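Open the model in your viewer and keep the selection tool at hand. This tour goes stop by stop.

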Amino acid sequence: MSRAWVRLSPVVLAVRGAALALAAGGLGHTLWHGVHDPGHALAFGVLITIGELARWGALPGEREPAPLGAAGALAYALLGPSGGEPTGHGVLQVVAVLVAAQLVACVPHVARGSGPGPDQVARRILTVAFAAVCFQPLYNSGRSESWFGEGPYYAAFLLLLLGLTALCDAVLGALLLRARTLPRGSRARGATPVPYGPLLRDELRALTGIGSAVCATGAVMALGVAAAGLWALPVLCVPLLLTQVSFRRVVAVRTTYRQTIASLARSTEIAGYTPHGHARRVAGLCTAVGREMGLSGPDLTVLEYAALMHDIGQLSLVDPVADGATAVLPAAEQRRIALLGGAVVRRTGVDTRVAVVVEQQADPYREQPLSARIVRAVNAYDDLCGESIGGPLGALEQLRLGTGRDYQPQVVESLARVLARGGLTPVPPG
């Protein structure tokens with residue numbers, strides 16, 4: 001366990017340390033001075049706990065597995081009056097209620113061996129604390145009422161704070177993801193870190209989905225309790241619960257879709273046309289190189305799917321290519337296999353953009369879209385490593401020698417940076 005702790009990056013340590021300090025300060029302050037408005041603290045604590053327990057049915061790929069818990073925490077952080085009466089809780093009590101609810105909710109998750117990781121918990125604590133710091137001092141000092149009143153300007157103020165909070169959460173999420181993708185010691189080897197921009201764009205793009213529903217529900221809860229009291233909470237939870245159910249159905253469909261594509265990609269391995277794990281390795285490297293070059297969102301998904309299915313055209317061959325290494329074939333044969341693969345992909349019902357990338361992966365790079373350039377270079381790298389032409393360094397050198405026509409220089413250098421971050425390790429045999 002100590003080794004895992006040592007390997008944490010300074011960014012992760014700073015985020016976890018700040019969250020731990022806030023949690024300790026909030027719990028200590030609340031225990032020492034007592035709970036203000038205990039009925040409200042209990043109601044929101046129960047709501048957050050129920051929301052966190054909803055992680056139980058979370059599916060892989062969910063950006064926010066506990067939207068009700070997030071909305072409840074944001075609503076408590078932005079809670080001013082309740083039923084027309086002022087409330088007296090502050091920033092530290094908001095943090096304390098959130099931490100207590102998460103501790104209660106984590107018990108069944110820990111017993112099951114699942115639940116949120118420490119980075120997710122730290123991110124939630126810091127994000128909610130940011131919202132509380134922006135709102136509670138203004139409310140408790142009476143400035144928010146004198147500045148915005150209780151009408152539409154007050155609602156707009158809450159929405160503005162929620163927008164800033166969402167931006168804070170996206171910045172934190174991208175920082176943590178960037179820290180996790182930069183292994184310890186890579187800077188010492190001269191490697192560059194993963195570009196921050198594409199990661200932040202992915203996080204911001206996620207806000208248009210379940211994130212916008214969480215923020216909107218948090219604002220509506222705070223306004224509803226201000227007008228009708230705590231009885232508004234159970235009524236206002238229903239829309240978000242329905243949204244969560246719908247969102248999980250979408251995630252389940254996407255997961256099944258990706259599993260289908262992965263199964264189709266493995267058909268070349270099962271038939272003996274390509275080495276074991278080749279498509280998976282190429283897809284992983286392509287995704288990393290695409291992110292390095294600024295791709296994100298749907299473009300990155302198309303790149304991953306095309307990389308998984310880039311060799312499916314080999315199923316149309318009578319005689320398999322030796323070791324499945326298409327990179328060493330004549331250019332005309334590479335293009336024929338690519339066109340056959342594109343035809344197969346079109347018949348599977350996969351996005352036509354994936355088929356276009358598969359079809360164009362063997363063209364000269366100046367005639368290719370960026371995704372096809374990445375697939376061609378990464379596939380050639382994996383093939384050349386399998387041919388044992390000087391190992392990974394020799395394969396990269398071969399790619400650099402082909403940058404005049406076959407491989408875009410920027411793609412090759414991005415691939416080199418990605419490999420340098422993870423170490424230039426040989427491709428597993430077979």
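Is R400 buried, partly exposed or exposed? R400 is partly exposed, at 33% relative accessibility (buried means under 20% relative accessible area, exposed over 50%, partly exposed in between; 1.4 Å probe, protein chains only).

Some ground rules. This is a predicted model, where local features need pLDDT of at least 70, side-chain atom pairs count only at pLDDT 80 or more, and totals for chains, interfaces and linings use all residues. Residues are numbered from 1 along each chain as its sequence is written, and side-chain values use heavy atoms, leaving out hydrogens and water.

The side chains of R400 and E413 form a salt bridge (3.0 Å, N to O); the term means a side-chain nitrogen of Lys or Arg within 4 Å of a carboxyl oxygen of Asp or Glu. R400 sits in helix α16 (residues 391-401) and E413 in helix α17 (residues 409-422), so the pair ties together parts 13 residues apart in sequence. Helices are DSSP runs (H or I, at least four residues), numbered from the N terminus. E413 is also partly exposed, at 33%.

Next, select R123, D169 and E203. Salt bridges that share partners join them into one network. R123 and D169 meet at 2.9 Å, N to O. R123 is in helix α6 (residues 118-140) and D169 in helix α8 (residues 152-180), 46 residues apart.

Move to E359 and R346. Their closest N and O atoms are 2.9 Å apart, in another salt bridge. E359 is buried, at 19%, while R346 is partly exposed, at 41%.

Methods:
Helices (H or I, at least four residues) and strands (E, at least two) are DSSP runs, numbered from the N terminus.
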